[in-house]
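Let's walk through this model together, from the overall layout down to a few single residues. Have the structure open and follow along.

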Amino acid sequence: MADISAKAVKELREKTGAGMMDCKKALSENDGDMEKSIDWLRKKGIASAGKKEGKVTAEGLVDSYIHIGGRIGVLVEVNCQTDFVARNEAFKELVRNIAKQIAASANVEYVKVADIPADIVEREKVIEMGKDDLAGKPDNIKEKIVQGRIDKRLNEMCLLPTPYIKDPNITVEELVKQNVAQLGENIQIRRFVRFVLGEGIEKEETDFAAEVAAQMGGAK
């Protein structure tokens with residue numbers, strides 16, 4: 001794999017408008033080749049999407065999805081820049097697919113890593129630092145291992161980094177960026193809530209064998 005310089009990342013970012021991490025990934029995937037990296041970003045819809053970031057998204061849709069059987073339900077708000085795009089069938093389909101993605105993602109609680117409260121991040125760090133397999137390792141090695149584990153755990157808690165259920169080769173974030181490129185507007189998943197039937201309710205435990213025995217005893 002080619003050594004990716006900050007200068008190359010900067011150059012690709014200026015040419016495509018894509019984010020720094022997307023540019024670095026593109027160069028890594030294409031052995032540092034600039035033209036192939038540009039094509040890679042364009043295919044994923046990231047090149048033009050980067051130029052839309054920062055645009056105000058005050059329109060959009062609030063949509064719902066109820067899973068078969070009515071045991072899981074989702075409400076999600078996805079924003080765009082104009083009412084014209086909000087009424088577009090492609091945008092509506094995107095919102096529906098995002099709602100279904102949330103329904104299928106039991107561990108997802110936040111849209112992106114930046115949304116996770118600092119106390120949750122700190123708690124995860126404390127848990128990882130205390131694991132037995134790190135005992136006796138030098139502090140600098142321990143820090144690297146813990147950071148890698150925390151990054152993985154935080155990503156698992158967020159919607160954007162998760163593989164898209166209809167195409168696991170891309171993430172939800174890449175799906176959104178593809179739609180930004182297609183529709184020509186900034187699109188942001190703002191918030192969501194996932195309902196699971198009976199979640200949080202303490203269910204009464206029934207000792208079936210004892211209940212049958214009691215009934216049989218009463219019959220005698």
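**A walk through the fold**

The chain has 10 helices and five strands; these are DSSP runs, H or I of at least four residues for helices and E of at least two for strands, numbered from the N terminus. Keep in mind that this is a predicted model, so local features need pLDDT of at least 70 and side-chain atom pairs count only at pLDDT 80 or more, while totals for chains, interfaces and linings use all residues. Residues are numbered from 1 along each chain as its sequence is written, and side-chain values use heavy atoms, with hydrogens and water left out.

Of the 220 residues, 36% count as buried, where buried means under 20% relative accessible area, exposed over 50%, and partly exposed in between (1.4 Å probe, protein chains only). Take the contacts (heavy atoms within 4.5 Å) between residues at least 6 apart in sequence: 59% of them join residues at least 24 apart.

On one side, β2 pairs with β1 (residues 59-66) in the antiparallel sense over eight bridges; two strands pair if DSSP finds at least two bridges between them.

Click on Val-76 to see its surroundings: leaving out residues up to four places away in sequence, its contacts include Val-95, Ile-98 and Ala-99, along with Ile-189 and Phe-192.

In α2 (residues 20-29), the buried residues are Asp-22, Cys-23, Ala-26 and Leu-27. They fall within an arc of 130°, so they line one face of the helix; the arc is that of the directions from the helix axis to the C-beta atoms. After α2 comes Asp-31, with a positive phi near 50°.

Helix α3 (residues 34-43) buries Met-34, Ser-37, Ile-38, Trp-40 and Leu-41. Their arc is within 160°, so they too line one face. Why does such a pattern turn up? An α-helix has 3.6 residues a turn, so residues three or four places apart point the same way. Turned away from the buried side of α3 are the exposed residues Glu-35, Lys-36, Arg-42 and Lys-43.

Finally, which residue does the buried Glu-174 side chain reach? Helix α9 holds Glu-174, which counts as buried because its relative accessible area is 8%. A polar atom of its side chain lies 2.9 Å from the backbone nitrogen of Thr-171.

Terms used
A polar contact is a pair of N or O atoms within 3.5 Å; within protein, one must be able to donate a hydrogen and the other to accept it, and residues adjacent in sequence count only if both atoms are side-chain atoms.
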